[in-house]
Amino acid sequence: MRTVTDLDALMQLLREGAGAHDAPHQSGTEAVDLLSHGLQCAERLRTWHPEDLELQVAGLVHDIGHQLQPGEDATHGVTAAAAIRELLGERVARLVEHHVPAKRYLVTTDANYLNRLSPVSVETLTAQGGLMTHEEVIACEQLPDWNAGLELRRADEAAKSPGRVVPGLDAWRTVIAQVISATHTR
Ligand SMILES: [Fe+2]
């Protein structure tokens with residue numbers, strides 16, 4: 001599988017998200033392409049959590065698994081996390097990984113959350129494991145950075161608006177560079 005070894009490789013992969021979608025389903029594809037989706041998600045998180053650069057960058061890259069292994073809905077979070085763990089660090093990887101179970105968690109624990117999901121997101125829920133058991137809910141709540149992962153997931157669902165104007169990819173380059181530098185000087 002393609003690995004993301006440096007900032008330029010990551011920028012290139014993100015750029016390729018322009019015009020790319022997750023795999024088409026019966027209900028169609030999401031209304032925005034993967035690049036716009038990542039940019040909208042990162043911008044939401046920048047507004048909600050201006051101090052947390054790692055969370056913002058996790059929002060930007062959270063769906064690259066759809067590009068790396070198209071059609072693998074259930075594993076796209078794990079795939080993306082594995083691809084960026086070395087470059088962006090353990091916490092960003094963990095947040096990216098959390099965003100898939102976080103959907104199952106929120107649907108299970110928040111009666112209104114299902115109504116906020118896009119049609120594609122509802123359709124992929126079953127493949128991703130459906131509702132959680134009580135034990136799974138408790139186990140998730142023990143995971144490091146779980147609450148930040150839930151925030152990423154909330155931003156994810158709020159990042160599918162066609163035509164919303166947000167800063168472009170180049171605006172994120174220095175933020176990503178800061179996260180990389182912090183990761184490799186720890
Ligand atoms: Fe997403």
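A: Let's start with burial: a residue is buried under 20% relative accessible area, exposed over 50% and partly exposed in between, using a 1.4 Å probe and protein chains only. Helices here are DSSP runs of H or I with at least four residues, strands are E runs of at least two, and both are numbered from the N terminus.

A word on the ground rules. This is a predicted model, where local features need pLDDT of at least 70 and side-chain atom pairs count only at pLDDT 80 or more, while totals for chains, interfaces and linings use all residues. Residues are numbered from 1 along each chain as its sequence is written, and side-chain values use heavy atoms, with hydrogens and water left out.

Back to A148. Not counting residues up to four places away in sequence, A148 touches L55, R91 and L95, where contact means heavy atoms within 4.5 Å. V122, on the other hand, sits 26 residues away in sequence, with 22 Å between its C-alpha and that of A148.

D145 counts as partly exposed, at 22% relative accessibility.

D145 also turns up on the contact list of H98, together with L143, P144, W146 and G149, once neighbours within four places in sequence are set aside. H98 belongs to helix α6 (residues 90-109) and is buried, at 6% relative accessible area. From H98 to H62 it's 9.5 Å between C-alpha atoms, for 36 residues along the chain.

W146 has another partner. The structure holds one aromatic pair: the rings of Y105 and W146, with centres 5.3 Å apart and planes at 80 degrees, so the pair is edge-to-face. (Rings of Phe, Tyr and Trp, the last by its six-membered ring, pair if their centres lie within 6.5 Å; planes under 30 degrees apart are stacked, over 60 edge-to-face and the rest tilted.) Since Y105 lies in helix α6 and W146 in helix α10, the pair ties together parts that are 41 residues apart in sequence. Both Y105 and W146 are buried.

Now for the metal. The iron ion is coordinated by H37 (NE2), H62 (NE2), D63 (OD) and D156 (OD), at 2.1 to 2.3 Å. H37 lies in helix α2 (residues 34-48) and D156 in helix α10 (residues 146-157), so this pair ties together parts 119 residues apart in sequence. Donors are N, O and S atoms within 2.8 Å of the metal (3.2 Å for Na, K and Ca), and water is not among the atoms, so sites may look incomplete. Along the chain, the donor spacing reads H-x24-H-D-x92-D. H37 and D156 are both buried.

Finally, the setting. The protein has eleven helices and zero strands. Of its 186 residues, 49% are buried. Among contacts with a separation of 6 or more, 71% come from residues 24 or more positions apart. Along the principal axes, the C-alpha atoms fill a box of roughly 40 × 35 × 35 Å.
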